[in-house]
Amino acid sequence: MSTLQSIPVVATKAEKPSGGTGNLLANVFDELTAFCRSRSLFMLHYCTGCGAIELPPAMTSRFDMERLGIQPMVTPRQADILLVTGYVSTKTLKRIILTYEQMNSPKYVIGICSCTVNGGMYWQSYATAKVLADYMPVDMYIAGCMPRPEAVISGLRELMANIRAGRSDNWRDYYRRYDHYLGNQQRLFGENWQTPTDVIGEARHYGQFGPETLGEHTALLERHQTPLLPFEMRLGLGGEKTGVENKGDKR
Amino acid sequence: MNPSFIALVVALPLLAAFLLPLVPKVLRRLVGPLVLLVVAALGMALWQASLSEPLVLAVGGFRPPLGIVFYVDSVAALFVLAVALVTLLLWPWGGDASENLDRKQSLTLVLAAACAGLTVSGDLFNVYVFYELAAVTSYGLAAGSRTAAAQVATFRYVILGSLGSLLALIGITLIYFRSGTLNLAHLADLAPQTLHDPLGLAAFFLILLGLGVKAELFLVNTWAPEVYATAEARVSALLAGLVSKLALLVVARLLVLVFPLPEAREALLVLGMLGMISGEFAAYRARDIKRMLAWSSIGQLGAAFIAFAIPGPAGVAAGLAIALHHLVVKPALFLLAERWGGSLARLAGAARRSPLGAALFALFALSLIGVPPLPGFWAKYLLLSGLAAQPDNLYLLAGLVVLVTTVVEAVYLFRVVGVMYGREAKGEDAGLTNTGSANTQPASALAGSGVFAALLLAAALAAPLLAAPLGRMATQMSDGAAYVARVLPSTATLSGAAQ
Amino acid sequence: MNALDLLLSLSALMLLAAFLFGQTRVYPWLAGILFTGQLVLLAGSDLPMAAGVGLEIFGQQVGWQLDGFGRYFALITIGAALASNVYMGGEWGERYQADGHSLRWLHAALAGNVLAMLLLLSSKDLIAFFIGWELTSWAGFLLMAQGGERALRAALRYVPYAMGGAMAVLGGLVLTLSWTGTLDLLELSRVMSTLGNGQLALLLALFAIGFSIKMGLLPFHLWQAPAYAEAAGPGTAFLGAISARMGLFALGILLVKLMTLSRVADLAFIDGLFTARDLLAWVAALTIVLPTFTALKQNDARYLLAWHGIGQGGYMLLGIVMGDATGSAGGLLHVFNYATYQAALVLAVFAVMHRTGTADLNSLGGLVTRMPLTFLVMLLGIIGLAGLPPMNGFVSKWLVYRSLMVEGRPLLFLMTVIGTLGTILSVYKLIHNTFLGQLRAEHEHIREAPWSMTVPMLALVILAFVTGVAPGLALSWVAEAQAALGLPVLAYTLGGIESPRGSLDMLWIVGVLFAGFGIGALLFYGAGGRSKRVHQLDNYAGGHFLSADVRYHYSDHFYAGLMHRIGPLYRGSFTWLESAVASATDLAASLMQAWYRQAVPALTLLVAAVLGLGWMVWR
Amino acid sequence: MMHILIELAVMPLVAFTIGMFMVLMMRKIAAKIQRRVGPPLLQPLYDIVKLYAKKTQSSHGLLHDIGIVMAVGGYIAAETMLPVPGMNGIADKAGLLTLAYVTMIPSLGLALGVGQCANPNGSIGIARALTAMLAYDIPFVVIIFGASWFYGSNNLIEVIAAQQAGGIASWGVTKMPLLAIAGLFTLYAMLGKQPFEIYVAPAEIATGPMVEMGGKHLGGLFVMQCFQLFTASAVYVSMFLGGGENWLFFILKLFAVVAIPMSMAFVFPRYRTEDVLAVVWRWPMVLGLAGVWLVMH
């Protein structure tokens with residue numbers, strides 16, 4: 001991890017779409033969705049550092065991202081791409097992780113600037129997380145200090161190509177190797193670390209559960225975590241006294 | 001029925017009052033109630049008899065207009081009955097030192113006699129005598145609670161009362177000076193020639209002011225709030241409920257018989273309106289329940305004056321209805337207020353300590369503001385429909401006054417109801433609230449007002465039945481010619497022939 | 001004993017029963033049976049239902065007779081009472097008693113209200129009418145005053161209004177008697193319109209003011225919201241649903257039957273431009289707008305609904321004043337429609353109060369997962385209140401709009417729509433602040449309201465929905481009421497109305513709407529990927545970590561921008577009038593007290609005597 | 001009966017397709033004004049397909065979903081009440097006024113869904129959006145009133161027939177120019193683009209109502225936007241531009257109606273909520289009332 005070589009650029013091999021051979025209709029459908037995914041990318045630019053300054057030119061008339069179907073979006077729910085544009089301080093990283101976890105898959109992370117690759121000029125900072133890929137799967141790094149808009153655009157085009165070809169599936173990695181990422185996060189933030197999202201539950205729900213989803217770190221997490229089961233609607237009618245008891249009931 | 005029984009209704013209580021100290025102690029407490037029961041029975045009998053035709057008694061056999069005449073039409077009989085019943089209900093049963101109690105009982109009996117006398121008297125001189133008798137006894141009763149405040153208030157009352165009597169006397173003198181008689185029937189006969197001029201009107205006005213002191217007429221009623229607030233509740237109830245009505249009755253008789261003039265009516269109307277406005281509005285800000293009731297009764301009597309100002313049987317019917325209704329309601333309210341003196345805030349939560357008392361208060365309040373089907377509504381209906389039927393705009397204005405003041409009345413009465421049913425005072429205010437037995441109702445007061453409430457409800461249920469007798473009473477009373485004809489058969493036929 | 005006698009005796013019997021054993025568990029069942037019996041009796045009888053007994057008092061005949069117009073209101077009254085009765089018969093009533101209130105008195109007040117209203121609705125002459133009117137007012141007072149100190153205070157504020165109204169009516173009554181010589185309504189309907197303009201105007205003013213107070217028309221509306229909101233739960237529902245409509249009933253009789261709208265239109269303020277009828281229409285329109293936007297400012301769910309109750313009254317009156325078949329049908333239909341969803345809404349709010357202990361819109365939120373049935377009731381209720389399809393509120397409002405369009409009253413039409421839009425805003429705030437958004441930690445263990453509360457609410461909204469889909473069901477009663485009142489009768493179909501100038505067929509509209517929802521659901525659930533529920537704390541907050549102790553439900557000052565613009569326009573509207581009257585009364589009272597406190601009464605007496613003599617002598 | 005069922009199915013589809021191209025046009029116009037190339041032809045479709053095809057979708061509960069269902073379903077229903085060339089759907093059973101109210105259902109649904117998300121940004125956005133609705137619907141109903149009064153009917157089929165009877169000379173825009181201008185202004189506000197998009201305000205309240213919408217929830221909103229554009233423009237065309245004589249003219253008119261406000265929109269910053277109220281209650285209102293007065297006299 002401390003050497004440049006050990007930083008994965010593409011973490012996992014692309015998975016073949018299921019049922020790839022048999023059903024023609026399903027194939028067409030998968031192709032269509034893959035195509036649409038690659039041609040419609042909503043990005044959330046988490047402007048942590050100086051790299052953000054290169055995005056406006058990339059978006060506006062000079063380079064016009066929209067012709068590629070790329071638009072800026074505002075909240076993680078709406079976004080497909082998380083752009084991390086610069087150095088990541090420990091405090092910021094917490095937010096980035098939360099934001100990443102709140103995004104809907106398939107989701108892609110792009111690290112812009114050298115700082116996200118290896119800490120860059122903040123290599124020696126005690127308060128900066130050096131390698132973004134330790135904490136979440138990164139699909140694309142656009143190195144440079146700062147990378148010019150041309151580089152940003154070309155990086156995005158490459159991501160599009162990857163998506164189109166089904167090569168960019170790192171979001172699965174986060175579910176499958178959650179224990180790994182969580183471990184790194186815990187190392188940095190301490191063992192009380194948790195987000196209000198339920199990654200393990202999602203992994204189960206969407207069938208992304210892997211052998212490394214759970215492990216010692218998730219066990220630690222479960223010890224600390226206040227359970228965050230969503231409120232299900234419930235009827236619970238009747239009951240003579242419960243209402244009265246609950247009246248002033250404070251948790 | 002023998003007309004000589006009429007004398008008994010005056011004589012019996014008077015006699016009993018004077019003989020009371022002589023009666024053995026064991027029986028002494030029974031004398032008064034027994035006498036009043038007898039009077040009540042007589043009143044009932046008289047009412048039955050007089051509904052068809054009024055009764056006349058020439059006392060000592062001297063024919064009117066020379067002798068003393070007692071005239072009992074159905075109204076007078078009813079008031080005799082009312083006097084007896086109300087006095088009985090407000091009878092001072094005890095709870096006091098013995099000699100003081102004797103005095104009170106005697107005074108009450110004298111008051112009953114005077115009131116009965118006022119109702120049945122057929123001439124102005126007797127009216128004046130009984131009026132003075134009633135006045136003096138009421139001074140005595142008002143000061144009976146022997147507190148300093150009561151005595152100050154009574155002193156004020158005495159001064160006003162005496163001045164009023166003086167004015168009334170001057171008025172009577174003027175009338176006598178002009179017409180040479182004081183017999184009402186005779187006066188009624190002579191009035192068109194002798195009294196329907198400014199001087200006659202002035203005499204009427206003076207009498208009106210004089211009697212008005214008792215009838216809580218506006219201008220001369222400033223004694224009422226203090227006296228009612230400081231006197232014992234039953235005395236206040238007697239004065240507000242009974243004595244005032246009898247003074248009113250006399251004024252009404254004068255108006256019908258001697259002064260059926262627009263000017264006289266106008267004076268009554270204007271003073272009635274002012275009384276209503278001043279009473280009800282003053283009550284709006286009252287902070288003490290007895291004062292509030294006092295002002296309310298001023299207002300109600302204003303309404304009665306307005307009613308009697310309406311010409312014809314309609315006015316008399318309305319006036320009688322209001323007067324009788326008030327006669328039932330106001331004493332009951334005063335009885336309830338006996339233990340509720342002081343600041344209104346102290347009543348907070350009274351409904352919990354005395355639920356029956358509070359419920360009765362609410363019932364009387366509803367009737368007082370005229371919520372159908374309680375009798376108060378019919379009284380108000382008669383008054384208003386009488387007023388609306390008059391072409392003169394002043395009557396319409398009076399109607400407006402009645403309507404507006406009723407709203408004010410509802411607000412302050414229900415403010416009290418609200419306080420009683422509201423939350424009990426807490427913390428610092430708690431000291432103000434009388435706790436324990438202090439403002440629960442004594443059984444006798446509750447029983448008394450319970451009887452009044454029963455009367456009220458009975459009247460509400462029987463309203464359709466009461467309409468006919470009331471109408472007949474009103475016709476009887478408003479028919480001046482019949483009065484003259486009954487008392488002075490010869491003259492009436494003469495003037496009838498002359499026409 | 002004929003049908004009306006039976007009806008009234010049943011009602012009186014219930015009042016008696018409530019007094020005797022209203023606090024027991026048996027009573028609600030008995031009352032439920034009796035109310036149902038009354039409903040059946042009422043719906044099944046031939047019209048007009050005349051009472052066998054009558055009185056003669058002070059020369060006036062007093063009698064009772066129920067026609068189609070009265071029966072329409074009576075049905076709604078008893079229906080609302082039935083729902084309220086069931087609601088308070090269960091757990092709600094037990095809690096109410098446990099809190100130290102008297103359930104017996106509450107039941108008695110409800111039964112008393114029903115009896116009083118039935119008497120009012122079936123009055124055959126003005127005396128019976130006034131008796132019913134006053135009984136209704138005071139029975140209403142009794143219902144309002146129960147449930148605590150604040151309720152009592154609010155009810156006391158009602159007293160001067162109620163009495164003022166009653167006295168205005170009484171004044172009108174005696175003047176009517178004096179001018180026409182009769183108080184019989186049938187007789188009056190022939191005679192009253194022949195009175196001169198001046199007399200008619202005075203009568204109109206007196207009666208209309210009296211009736212408006214009950215109905216809460218501007219500017220006499222200030223009492224209503226607190227009085228209705230603070231009453232005990234089912235009482236609020238009953239009051240809100242029907243009580244104020246007695247004013248509308250009376251106005252309907254007065255304007256249409258007795259005076260006739262064309263005569264009212266003769267009373268011109270400015271010849272040909274502004275008549276008394278226009279004034280009424282404008283009062284109704286302003287009553288829609290101002291109270292609705294006052295409701296928008298409320299932070300208590302009960303007050304919010306109560307203010308809407310005032311506003312919705314405006315639609316009803318406006319419809320009746322328009323006087324054509326469509327408008328009056330809309331106005332009348334709105335009485336029924338409004339009663340159904342308003343009662344349901346109020347009951348839902350009180351169900352929330354029952355569980356959480358508060359109706360404060362700033363301390364609730366997220367209850368949809370805990371009280372889904374109550375939420376459903378409120379959702380359907382607010383759709384009705386806002387007047388959107390498919391609920392019945394849409395149909396009645398549509399009829400009123402339609403009438404205003406056809407009659408060519410653009411400004412009045414605009415007012416009604418402004419009212420509707422304001423309602424949409426305010427009801428969204430209601431449901432949002434109560435049921436949506438963050439569920440508070442202290443409410444996590446809340447349970448749904450018990451059956452005794454949910455069943456009446458659900459029944460009411462189902463009724464509101466069914467009569468929204470098939471308004472013809474309710475329009476048959478409305479047509480009967482129109483006929484009884486002498487209005488042109490609406491030609492209706494089961495789904496609405498058929499007209500070349502634009503018809504309304506709710507069956508189709510609702511059908512298509514639900515088909516649309518179906519397709520929408522198909523697209524959503526069928527076409528998309530699987531979804532997973534997330535916890536409310538898993539929420540976008542700019543990267544901030546939310547926790548249960550942080551309150552992030554946006555509820556206070558909900559329409560900040562709007563209020564910034566329009567708030568100053570109506571802040572404290574008409575309260576100045578009330579306080580001016582109160583101050584004037586206070587001033588007058590002080591002056592009068594000063595008179596009675598004067599130091600030298602004897603001098604006054606002498607001066608008065610001299611002045612009086614002078615007046616007598618020289619006048 | 002079969003006929004009408006087919007219409008009911010086809011009309012929303014047509015509306016959606018046209019609406020999608022309107023979205024494209026809107027984005028293209030914005031791009032051209034900003035000297036950009038802009039999105040490719042099928043970009044709106046790509047966006048919608050991608051959103052629906054998201055592998056993980058987070059929902060805040062049943063109501064969050066139902067809100068979207070209501071938002072889309074309500075518009076699907078509304079489209080059947082809007083006559084297009086050759087198809088009348090159920091326009092004769094529900095007039096203009098009904099249509100106006102039916103189109104409030106999607107807004108209500110959306111509002112419910114957003115409320116369930118428990119995000120204060122969303123709630124603020126909805127509060128502002130409802131305020132904006134209050135702002136533009138008031139002049140809108142004035143215009144509806146004027147048009148209905150002029151044509152003597154609430155029924156869009158008749159409104160369109162009356163206009164087509166006499167060519168351009170009998171179009172609403174020539175007969176009631178003031179109302180037409182007011183209508184265009186109102187339509188502009190209704191479309192919710194600059195300067196009337198305070199309820200979205202991305203940098204302030206994170207796109208307001210859409211803050212928690214991802215995946216098919218957001219996709220549903222995109223679909224709804226297509227419908228919304230179509231509905232607003234089709235209502236305007238039916239009231240003032242003679243409806244559709246044939247598909248070609250109809251589509252041209254529709255696109256023109258959307259193009260006019262959109263060509264202005266992207267050069268504006270945005271109004272605050274209270275200023276939206278002020279501006280919409282002033283100009284279109286005055287014009288509309290004057291127009292109604294002219295129509296009625």
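Guide: Start with what counts as pairing: two strands pair if DSSP finds at least two bridges between them. Keep in mind that this is a predicted model.

Visitor: Which strands form the open sheet in chain A, and in what order?

Guide: The general idea comes first. Strands of a sheet pair through backbone hydrogen bonds, either parallel or antiparallel. Here five strands of chain A line up as E2-E1-E3-E5-E7, and their pairing is parallel.

Visitor: Which are the edge strands?

Guide: An edge strand pairs on one side only; in chain A these are strand E2 (70-72) and strand E7 (140-142). On average, neighbouring strands of the sheet are turned by 25° against each other, direction ignored.

Visitor: How many bridges join E1(A) and E2(A)?

Guide: Three bridges, in the parallel sense, link strand E1 (residues 41-46) of chain A to E2(A). Look for A:Phe42: its bridge partner in E2(A) is A:Gln71.

Visitor: What lies across E2, E5 and E7 of chain A?

Guide: Helix H5 (residues 149-164) of chain A does; strand E5 is 108-112. H5 runs at about 165° to E7(A).

Visitor: Now domains. How is chain A divided?

Guide: Into domain 1 (42-168) and domain 2 (169-226). Their C-alpha centres lie 22 Å apart. The contact takes 16 residues from domain 1 of chain A and 13 residues from domain 2 of chain A.

Visitor: Which element gives the most to the domain 1 side of that contact in chain A?

Guide: Helix H3 (residues 90-102) of chain A, with six residues. By type, the domain 1 side that touches domain 2 of chain A has seven nonpolar, four polar and five charged residues.

Visitor: And how far apart are the domain centres in chain C?

Guide: Chain C has domain 1 (268-523) and domain 2 (577-618). Their C-alpha centres lie 52 Å apart.

Visitor: Which chains share the most contacts?

Guide: Interface size is often given as the accessible area lost when the parts come together. Here, go by contacts. Four pairs of chains are in contact, and chains C and D share the most contacts. Chains A and B do not touch; their nearest C-alpha atoms are 23 Å apart. Chains B and D do not touch either, with nearest C-alpha atoms 40 Å apart.

Visitor: How many residues of chain C are in contact with chain B?

Guide: 43 residues of chain C, against 49 residues of chain B. Several elements of chain C give two or more residues to its side, including strand E1 (49-57) and helix H6 (126-144). H7(C) gives the most, with 14 residues. That side of chain C divides into 29 nonpolar, nine polar and five charged residues.

How values were computed: Residues are numbered from 1 along each chain as its sequence is written. Chains are lettered from A and ligands numbered from 1 in the order in which they are written. This is a predicted model: local features need pLDDT of at least 70, side-chain atom pairs count only at pLDDT 80 or more; totals for chains, interfaces and linings use all residues. Domain bounds come from an automatic or database domain assignment. Two residues are in contact if their C-beta atoms, placed from the backbone, lie within 7 Å. Helices (H or I, at least four residues) and strands (E, at least two) are DSSP runs, numbered from the N terminus. Ala, Val, Leu, Ile, Met, Phe, Trp, Tyr, Cys and Pro count as nonpolar, Asp, Glu, Lys and Arg as charged, and the others, Gly among them, as polar. Axes are lines fitted to C-alpha atoms, for helices over the stretch in contact, and angles run from 0 to 180 degrees between N-to-C directions.
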